[in-house]
Amino acid sequence: QVQLVESGGGLVQAGGSQRLSCAASGYTGNFNLVNLGWFRQAPGKEREGVATFFAGAGLTFFADSVKGRFTVSRDNARRMLYLEMNNLKPEDSALYYCAAGTVWRSSTPLSTTMFKYWGQGTQLTVSS
């Protein structure tokens, strides 16, 4: 059974940095071919895509709101996904989820519907 476990959330001051990690386990196939992503959901809002990895082409996609501030990386050997967040803003506060799957639609690279497996989330709060 595929499991994703996020860590690294917490309370950060605006302008600060934080790194989130996601540990994947249970995949029996080639993990290098698994698409991965970070999503977030703030209270009263829909879950939105933050950054996604299209494994087939080695491409990454970012939400406009985080471009230039967030970077994403993966370590296939360790089955880890990371989200490095800089210059954090209060509006970045949310529950951050890691997701994995093998479906890809290039027309909607940040869509939640492409991802089958989800972690439980890690809370990030950015204080002003």
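This is a predicted model: local features need pLDDT of at least 70, side-chain atom pairs count only at pLDDT 80 or more; totals for chains, interfaces and linings use all residues.
View 1. Leaving aside neighbours within four places in sequence, Leu83 is in contact with Gln18, Arg19, Leu20, Trp38, Val50, Ala51, Phe70, Thr71, Val72 and Tyr96.

**View 2. The largest nonpolar core.** A total of 29 residues make up this core, and those with the most contacts inside it are Trp38, Val50, Phe70, Leu81, Leu83, Met85 and Tyr96. Two or more residues come from each of the elements β3, β4 (35–41), β5 (48–54), β7, β8, β9 (94–101) and β11 (122–127). Strand β9 gives the most, with 4 residues.

**View 3. The open sheet of 4 strands.** The strands follow the order β1-β3-β8-β7, and their pairing is antiparallel. Strands β1 (3–7) and β7 (70–75) stand at the edges; each has a single partner strand, so one side of each is left without a neighbour in the sheet. From one strand to the next, the twist averages 15 degrees. In general, the strands of a sheet pair through backbone hydrogen bonds, either parallel or antiparallel.

**View 4. The pairing of strands β3 and β8.** Strand β3 (residues 18–25) runs antiparallel to strand β8 (residues 80–85), and 6 bridges join the two. Cys22 has Leu81 in β8 as its bridge partner. Leu81 is also one of the residues with the most contacts inside the largest nonpolar core.

Note on methods:
Residues are numbered from 1 along each chain as its sequence is written. Side-chain values use heavy atoms; hydrogens and water are left out. Two strands pair if DSSP finds at least two bridges between them. Axes are lines fitted to C-alpha atoms, for helices over the stretch in contact, and angles run from 0 to 180 degrees between N-to-C directions. A nonpolar core is a set of buried Ala, Val, Leu, Ile, Met, Phe, Trp, Tyr and Cys residues joined through side-chain atoms within 4.5 Å. Buried means under 20% relative accessible area, exposed over 50%, partly exposed in between (1.4 Å probe, protein chains only). Contact means heavy atoms within 4.5 Å.
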